[in-house]
Amino acid sequence: MQTSLTYIIDRISSKNKLHAKKIKNNLQNFDENYFSRAELFFRKYQAVLQRENKTLDFAIDCYLQMVADINYETVQFMHTGEYSSKSFDEVNKRVYNNPDIMNYYVHGILMSQFLWAHHYNILIFFSKIINEYSNNIVNYLEVGGGHGLYTSEAISIIGNKAKYDLVDISQSSIDIAKMMIDNNDVSYFLSDIFNFEPVRKYDFISMGEVLEHVENPVKLLKKLHSLLNDGGRLFITVPTNGPTIDHIYLFKNTDDIRSVIAMAGFEPEKEFCIYAEDVSPEVAEKYKVSMMYAGVLKKQK
Amino acid sequence: MERNDVFKQVNEIFIDVLDNESIVLSDQTTAADIDEWDSLNHIHLVVTIEKKFKVHFSSKEIQSWDNVGEMVDSIYEKVK
């Protein structure tokens, strides 16, 4: 029987052979656990698509449009050394408040969680971290919940002993997160994080790939610092050199990220870094290949 | 500039970017024929071609080429 994943790969191969080459290469390095998780994920996702009268083909086209955007932005980045978007207002108009873009972008990002090796490996790292800290998590917050995958993962490990909140600036993201998480115990807040004033503090905050979307990442981390219990942990992921249509703040290397973390009053407790491409560090340095940084942060004493 | 001149320069760019002296392109050459021609190196081929020929490709153009011939046609249209 054809799996969802093999269907997706075949369809990508028919539309973008070069990208299919990368995906096939990614899959060679994965174990059985990946394939069973990916199948479960894509079947759940297909059910969500059906509820919206959409098909997997639609999602694959969305994904390839996002890949095209990233490739174009990467070419510009190689020329200029800068991200093309400079301000949050600009990105808000260009992307977050533009249904034409958000309609494919959210689905593209969702697909990438199981098609890109570094995204999947970061998810596995997150899973380990939640397992490790789960006994201390009663109040959980996800910032920029996007596709809902991380909150889903947290719920599957921690269970119903915790309360879950998810805040996102985009209605499109919240809509898809609600369907992917499919759990009535999660509270959703459509809000800019800087205007988010919850009644309680959190034991664990997760914020995946958001820091690069703001003009002032220190200010954002300080806001999270104020939302976190003193003994709580903040889990963040941040790409270096990752040009996309909605990235503003350029972290050139992991030291840039650590510097921002320190300025906001945090210190890393655990870290995991992985390149976005299967290349040696020398090639990554030469071609400014994006690296994904994941960190578990605690408040400085 | 003639199409053949564009083609020869593109072949040199492939040799340089993919670091493989033995690459001999034809119009029908695809990524399936050259191991090193992957999505990452494709970006660097595009960047180098844009610099060399002083041209700019749209997002659609970057995705659209199925083989070297189509890539060369796309450059030639901009420089002829």
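**Ground rules.** I'm working with a predicted model, where local features need pLDDT of at least 70, side-chain atom pairs count only at pLDDT 80 or more, and totals for chains, interfaces and linings use all residues. Residues are numbered from 1 along each chain as its sequence is written, chains are lettered from A and ligands numbered from 1 in the order written, and side-chain values use heavy atoms, with hydrogens and water left out.

**Interface.** I looked up the contact (heavy atoms within 4.5 Å) and found 22 residues from chain B and 18 residues from chain A. Together the chains bury about 1,700 Å², 64% of it on carbon and sulfur atoms; buried area is the accessible area (1.4 Å probe) lost on being put together, summed over both parts.

**Salt bridges.** I count one when a side-chain nitrogen of Lys or Arg is within 4 Å of a carboxyl oxygen of Asp or Glu.

- A:Arg233 pairs with A:Glu269, closest N and O atoms 2.7 Å apart. They sit 36 residues apart, in strand 5 and strand 6 of chain A; strands are DSSP runs (E, at least two residues), and helices are too (H or I, at least four), numbered from the N terminus.
- I checked burial (buried under 20% relative accessible area, exposed over 50%, partly exposed in between; 1.4 Å probe, protein chains only). A:Arg233 is buried at 16%, while A:Glu269 is partly exposed at 31%.
- B:Asp73 pairs with B:Arg3 at 2.8 Å between the closest N and O atoms.

Definitions and conventions
Buried area is the accessible area (1.4 Å probe) that two parts lose on being put together, summed over both.
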